[in-house]
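My notes follow in the order I looked things up.

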Amino acid sequence: MAKCFALMGWSLPVIESMQKLNKPYVVVSFPDFENYAKENNIPFVPYQFDEWSDTSNSLDLHEKLKAFDADVAVPLFEETVEWAGALNSIYRDDPRVLNRAFLFRNKAMMKRKALIGGLRVGLFEEVHNKEGVKAFMKRLNQANLQIDGEEDSWVHIKPFASAGAVGHRLLRSMSDVDEKCQDEDFPCLAESHLPGQEFSCEAFVHGGKIKFLNITEYVKLGYSNFIPEGNLLHGKRDRIMKEMQKLVDLFGIQYGMIHPEWFLTEDDTLSFGEVACRIPGGHILELAGKAYDFDALGAFVLCHDPSLTDEELKEILPPLDARPKQFYGNVMIYPHKNSISKLEIPEELKEEPYFLDHNLIPPMTTQKVSDREGFGNHFGTVNFKGEDPDRMTELLLHYENVDFYH
């Protein structure tokens, strides 16, 4: 077992899991959290993750962590992936661990690696201005044999290293490029639109092998998902597992958990979207923990430990072929208005047998709603539990459009 886990980033749920499991840990995060950590006896090292200099670097952080005997670093958030990679390169005496971390933090590099390894990806290109996006869209139109008068091929642009949907823009036409793109968006990645059912996988990896695989079905990206996967995706599980192991092998992933997103079309084409190696959004691990009855956050941390034995893995992970009878899903709630003053829970929701609970909070006074950046600032979730994935899908689609705030 690791002497001490360095948790890269502040997450109270992860801290609580480590305390329940009685595992040694130290939190590395911004100095803003230091007072809270001291008041609550949380081992803590203050560090400015957004700085990299002669005095703020992985070697310096490594020295500071020696006092805690840390020997495994765990990235909790997107912005700490390189820091964890750098530390684990030192702990494992393997510089490639840091190189792999860069793969997760640069979407263009990530897609090139996937393409070289034989995964199906869309067309993609690094662009530096609006004209670059228009040129990319024109080449897509040509490749798709478009004729005059047909709609343009859809293009997505996204930052190289942001989490989830932050900075993600869908461009459906040349005019969209002028209207939606800002100078500060560049440089960025432009990619073709991938059709099909979108889903993610959460693969707990140890010794380069997938020890447990969860499939999360997305009802609508950024709004709703449920676990385990519905019947269609479950019928493809063996194939998905093979592609996932191919991804693990291709990226040289040895320990931890990866969270890739995929697209499955009606003709059974499986396309790779992107992959992360930190805690996924959408409360996915929370749902997985409920569905499979295990400490998903704790397992996420412990799988980063190279010294973990097969017996210890079996204690913390569900069986590879586990299939829960109950589905757990949630819909993330965003106000539909720019100004809100009250929370209203519909009676139909209270009477719905699948309704589990919610964590929506009424506004104290009239409150202005800021513009959304990605899907990061939802006001809370409405949670569901039931035995029929089709009914779960219906409910999540329905309540995505219900206005809870007035």
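Before pairing anything, I noted the rule: two strands count as paired if DSSP finds at least two bridges between them. I also noted that this is a predicted model.

**Entry 1: the sheet of 8 strands.** β12 (residues 255-264) pairs with β13 in the antiparallel sense, over 6 bridges. There I found Pro260 opposite Val275 of β13. Next I traced the whole sheet. It is open, has 8 strands and runs in the order β13-β12-β9-β10-β11-β14-β18-β16, with antiparallel pairing. β13 (270-276) and β16 (355-358) are the edge strands, each pairing on one side only. From one strand to the next, the twist averages 25°. I reminded myself that strands of a sheet pair through backbone hydrogen bonds, either parallel or antiparallel.

**Entry 2: around β10.** I checked how covered this strand is. Of the 12 residues in β10, 9 are buried. β9 and β10 run antiparallel and are joined by 8 bridges. Glu202 has Asn214 in β10 as its bridge partner. The hairpin of these two strands, β9 and β10, has 2 residues between them, and Gly207 takes a positive phi near 65°. On to the next pair: β10 and β11 are antiparallel too, with 3 bridges. Lys220 stands opposite Ser224 in β11. This hairpin of β10 and β11 has 3 residues between the strands, and Gly222 in the turn has a positive phi of about 85°.

**Entry 3: a helix across the sheet.** Which strands does α11 lie across? I listed β9, β10, β11, β12, β14 and β16 for helix α11 (residues 284-292). The helix runs at about 30° to β11.

**Entry 4: the sheet of 4 strands.** This open sheet has the order β3-β2-β1-β4, and its pairing is parallel. Its edge strands are β3 (44-46) and β4, each pairing on one side only. Neighbouring strands here are turned by 25° against each other on average, direction ignored. β1 and β2 run parallel and share 4 bridges. Phe5 stands opposite Tyr25 in β2. α1 packs on the sheet and touches β1 and β2, and its direction makes about 170° with that of β2. I also found helix α4 (residues 81-92) lying across β1 and β4, at about 165° to β4.

**Entry 5: the cores.** The largest nonpolar core has 41 residues, and Phe5, Leu7, Phe204, Phe294, Phe300 and Leu317 touch the most other members. Elements giving two or more residues to this core include β1, α1, β10 and α11. Why does the core lie between two domains? Domain 1 (5-104) and domain 3 (196-324) both give residues to it, so it lies between them. I followed Phe294 and, leaving out residues up to four places away in sequence, found contacts including Phe204, Phe212, Ala288 and Leu317. Another core of 34 residues lies apart from the largest one, with Val205, Leu270, Phe272 and Cys277 among its members.

**Entry 6: helix α7.** I tested its length. At 1.5 Å a residue, the 14 residues of α7 (residues 130-143) should span 20 Å, and the end C-alpha atoms are 20 Å apart, which agrees. Its buried residues include Val133, Phe136, Met137 and Leu140. The buried residues of α7 pack against β5, β6, β7, α8 and β8.

Terms used. Residues numbered from 1 in each chain as written. Predicted model: local features only at pLDDT ≥ 70, side-chain atom pairs only at ≥ 80, totals over all residues. Heavy atoms only, no water. Axes fitted to C-alpha atoms, helices over the stretch in contact; angles between N-to-C directions. Contact = heavy atoms within 4.5 Å. Core = buried A, V, L, I, M, F, W, Y, C linked by side-chain atoms within 4.5 Å. Buried < 20%, exposed > 50% of the residue type's maximum accessible area, 1.4 Å probe, protein only. Domains from an automatic or database assignment. Expected span 1.5 Å × (residues − 1).
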